[in-house]
Amino acid sequence: MNTPHTHPRATEFLFLVNGALEAGFIEENGARFVVNTLAPGQGTIFPKGSIHYQINTGCEPLTFVAALNDEDPGATQVAQRCEYSDPVIPQGDWR
């Protein structure tokens, strides 16, 4: 499994060479959850900034090729950003 992550500066195209793959993403602002089950020779697009993931749904290794349209697409792992970030806690009297 490639855990949920985002590329803040690039759109990604993923092409499945062999195996079985589930790929999903959340449209901006959580508008819609899109899931595709890919067979060899099929591909999918992850829009720039979308939270997306991939899962090998078979028991055998798979091969895919991913291309991004920026030489520095960035990558942010969603769970790690939430779990290990230092929260900003407002100080002062908020009455």
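**View A. Side chain of Thr6 and backbone of Ser50.** In this predicted model, a polar atom of the Thr6 side chain lies 3.3 Å from the backbone oxygen of Ser50. Thr6 belongs to strand β1 (strands are DSSP E runs of at least two residues and helices H or I runs of at least four, numbered from the N terminus). With a relative accessible area of 13%, Thr6 is buried (buried, under 20%; exposed, over 50%; partly exposed, in between; 1.4 Å probe, protein chains only). Apart from neighbours within four places in sequence, the residues in contact with Thr6 are Gly49, Ser50, Ile51, His52, Gly74, Ala75 and Thr76 (contact: heavy atoms within 4.5 Å). Residues are numbered from 1 along each chain as its sequence is written, and side-chain values use heavy atoms, without hydrogens or water. For this predicted model, local features need pLDDT of at least 70 and side-chain atom pairs count only at pLDDT 80 or more, whereas totals for chains, interfaces and linings use all residues.

View B. His5 is placed in strand β1, which covers residues 2-6. A relative accessible area of 4% makes His5 a buried residue. The His5 side chain forms a polar contact of 3.3 Å with the side chain of His7 (N or O atoms within 3.5 Å; within protein, one must be able to donate a hydrogen and the other to accept it, and residues adjacent in sequence count only if both atoms are side-chain atoms). When neighbours within four places in sequence are left aside, His5 is in contact with Glu12, Ser50, Ile51, His52, Gln54, Thr76, Gln77 and Val78.

**View C. Salt bridge between Arg9 and Asp72.** One salt bridge is present in the structure (a side-chain nitrogen of Lys or Arg within 4 Å of a carboxyl oxygen of Asp or Glu). The side chains of Arg9 and Asp72 form this salt bridge, with an N to O distance of 3.3 Å. Arg9 is in the loop between β1 and β2 and Asp72 in the loop between β7 and β8, so the pair ties together parts 63 residues apart in sequence. The loop that holds Asp72 runs between β7 (63-68) and β8 (76-77). Arg9 is partly exposed, at 41% relative accessibility, and Asp72 is also partly exposed, at 45%. The C-alpha atom of Asp72 is separated by 8.0 Å from that of Ala10, a residue 62 places away along the chain.

**View D. Edge-to-face rings of Phe25 and Phe46.** The whole structure contains two aromatic pairs (rings of Phe, Tyr and Trp, the last by its six-membered ring, with centres within 6.5 Å; planes under 30 degrees apart are stacked, over 60 edge-to-face and the rest tilted). In the pair of Phe25 and Phe46, the ring centres are 6.3 Å apart and the planes stand at 85°, so the arrangement is edge-to-face. Phe25 comes from strand β3 (residues 21-26) and Phe46 from strand β5, and the pair thus links distant parts of the chain, 21 residues apart. Phe25 and Phe46 are both buried.

**View E. Stacked rings of Phe33 and Tyr53.** The ring centres of Phe33 and Tyr53 lie 6.3 Å apart with planes at 20°, so this pair is stacked. Phe33 is in strand β4 (residues 33-38) and Tyr53 in strand β6 (residues 51-56), so parts that are 20 residues apart in sequence are tied together by the pair. Tyr53 counts as buried, at 9% relative accessibility.

View F. Phe13, Phe15, Val17, Ile45 and Val65 make a nonpolar surface patch of about 400 Å² (residues with over 30% relative accessible area and no salt bridge; like charges are joined within 9 Å, and nonpolar side chains of Val, Leu, Ile, Met, Phe, Trp or Tyr within 5 Å; areas by Shrake-Rupley with a 1.4 Å probe, where for residues only the protein chains shown count as cover). Strand β2 (residues 12-18) supplies the largest share of the patch, three residues. Ile45 is a member of the patch and is placed in strand β5, residues 43-46. At 43% relative accessibility, Ile45 is partly exposed.

**View G. Protein chain as the setting of the close-ups.** The protein chain has one helix and eight strands, in the order β-β-β-β-β-β-β-β-α from the N terminus. Of its 95 residues, 22% count as buried. The accessible surface of the protein chain amounts to about 6700 Å², and 55% of this belongs to carbon and sulfur atoms. Of the contacts between residues at least 6 apart in sequence, 76% join residues at least 24 apart.
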